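Open the model in your viewer and get ready to select residues. Each stop says what to pick and what is there.

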Amino acid sequence: MASLRSFLRSGKNAVSAVLRREFHGTPPAAVQVTVRDALNQALDEELERDERVFLLGEEVAQYDGAYKVSRGLWKKYGDKRIIDTPITEMGFAGIAVGAAMAGLRPICEFMTFNFSMQAIDQVINSAAKTYYMSAGLQPVPIVFRGPNGASAGVAAQHSQCFAAWYGHCPGLKVVSPWSAEDAKGLLKSAIRDDNPVVFLENELMYGVPFEMSEEAQSKDFLLPIGKAKIERQGNHVTLVSHSRMVSLCLDAAAVLAKEGIECEVINMRTIRPLDAEAIETSVMKTNHLITVEGGWPQFGVGAEILARIMEGKDFFICF
Amino acid sequence: SVEEFLNGARVVVSARTYADFTPQATFDIKKCDLHKLEEGPPLQAVLTREEGLQYYRTMQTIRRMELKADQLYKQKIIRGFCHLYDGQEACAVGIETGINLSDHLITAYRAHGYTLTRGGTVREIMAELTGRRGGIAKGKGGSMHMYTKHFYGGNGIVGAQVPLGAGVALACKYLGNNEICVCLYGDGAANQGQIFETYNMASLWKLPCIFICENNKYGMGTSVERAAASTDYYKRGDFIPGLRLDGMDVLCVREATKFAAEHCRSGKGPILMELQTYRYHGHSMSDPGVSYRTREEIQEVRSKSDPISMLKDRMLSNNMASVEELKEIDVEVRKEIEDAAQFATTDPEPPLDDLCNHIFYNDPPMEVRGTNPWTKLKSVS
């Protein structure tokens, strides 16, 4: 009755409003989600799904996360599942690896990956190599995550990109998401993966909103580790990138499009295992390749991609 | 007839039945030095005949296994690193008798003894040393990377196993299974920063972790006086209560471990034990072990404090076993080691297509680049 009364009172506008409501189907609700919130969702969902999952790191609990990625989780899950550590990376990374060996599924946060250097022995020698050295007796299901690469004016000690260093080691999976969907789907996959995964986020991407499809909003949305995504189709040149530099590539592609140059932008999503096939397929089409990364060029991610392309079976066909 | 009777009597007299042996005896053991503890382990230990024979057999097995490994190494059948445990047997055996197989243990690279006490067989340990497919890690781990259930190695990086052990203890507390983790390191590792980081977190979070420092007086070639400003390793945990005890006496080690395990299981948090022990060999097979210590010192420990001799003397002087019986055990142990060495020498090496397996767990098979881009190797989980 209330709606009939307001309808009669508001006159013409109300009629058209009612008509609009009745005859327009609403499209699936895509929402804007920041990378930070996507990570938070992924953590929340995985903590809820599996009792053995827990998060430890500096300021992850009562501070809500140094970059607020773990906001609200301590309130919801408590001291047992969300653990604040002292500033002792080597110690707590080792503790996390030991917990993984004994059957839990820890997520070990480094406030930035620069500090992971203090603990890199535990990541490589204790986590990555153990399954191999034990000939399959001892798996290590752990995720090391945190911001990687340059931030805004934080100086050399706080700006290193570790994709190449971790990408060098067998036994590790190394993931580097760009968008909110990447962040959510890949973090969930990383947590469910039974192997050590290094998950390289980027501080400057945390606040960037992306459209997240309805499918991506589901609690079981996973993205496969080891598969790149073509963010933009093009025929003239392939731009390969990961993390924040994907944004840079898309911006560059927009500028070049005005000059009639269509770039194909590939978002690597995973550093190791590298999706060389996706890059090769693209280069076969465009015959031009540029790698764009935040790390140093020597012995870097781009160097590896170029080496693979040049060693690839189709390289000489390009000529 | 009288002859028959006398023959029968001779037989009866010369055979000693088990009914003749003392079933158990109580031994005085040395008092432990205590740190931040009101009371320590008991000053007496009860040893039954069965226990004594079992400890003797296990210690003798470790001893002979390590000596056989020495031999095989010199014949170049074992290569790479080989860190021998002879002299320290009472530690491994004593600790295991103080805990359960359902508890957890982690140590550094001097790990062959622990691999045995934690359920490995001599065969699979020796075959792992020789790098054969029958090895406990299929020949892919070697001396320093052997694993069994609830035994996390065998770790090559000095000190790294200590945070790992605390992590295992965290899992025990998290899962509420009343299990504990024994986390071992040496006097050399005791100065590592990550160990102090671990003391801090284990104490803060009351992890059920027994930290054990096996102090064999030398970190490779450096004596404890030259490496540590404080050689009271049992006090280095500061806020963590500690015990220092004779690591050559298997009963001392057992009682202290029981005491420490009880402490952890009751929720009081971590505890630290320092076992004073000695290794007869050098740091590893590439170290003769006499450039930084005298042969006289080694000989003195062998004659005065050998753990196997100590147990043997105790049992014999208390009529808990006979010389023949112990000799019989020696013979059996020797045979077991010979068989194992034979197996370890003749078992084939792992097949080449095992080279790239076990990179990832629970993953579909993948291709791995070989030495050149056209050689692809297969990897399965």
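Start with K229(A): its bridge partner in β11(A) is N267(A). Strands here are DSSP E runs of at least two residues, helices are H or I runs of at least four, and both are numbered from the N terminus.

A word on the model: it is predicted, local features need pLDDT of at least 70, side-chain atom pairs count only at pLDDT 80 or more, and totals for chains, interfaces and linings use all residues. Residues are numbered from 1 along each chain as written, chains are lettered from A in the order written, and side-chain values use heavy atoms, without hydrogens or water.

Now select β9(A) and β11 (263–267) of chain A. Three bridges join these antiparallel strands. Two strands pair if DSSP finds at least two bridges between them.

Widen the view. The open sheet has four strands, in the order β9-β11-β10-β13 (chain A), with mixed pairing. Its edge strands are β9 (229–232) and β13 (289–292) of chain A, each pairing on one side only.

Next, pick the loop between α7 (130–133) and β5 (143–147) of chain A, where A135(A) lies. A135(A) is not a glycine, yet its phi is positive, about 50 degrees. Most residues other than glycine have a negative phi. Is A135(A) buried or exposed? A135(A) is buried, at 2% relative accessibility (buried is under 20% relative accessible area, exposed over 50%, partly exposed in between; 1.4 Å probe, protein chains only).

Jump to K76(B), in the loop between α2 (49–74) and α3 (89–98) of chain B. Its phi is also positive, near 65 degrees. K76(B) is exposed, with 69% relative accessible area.

Finish at P273(A). The peptide bond from R272(A) to P273(A) is cis, with omega near 5 degrees.
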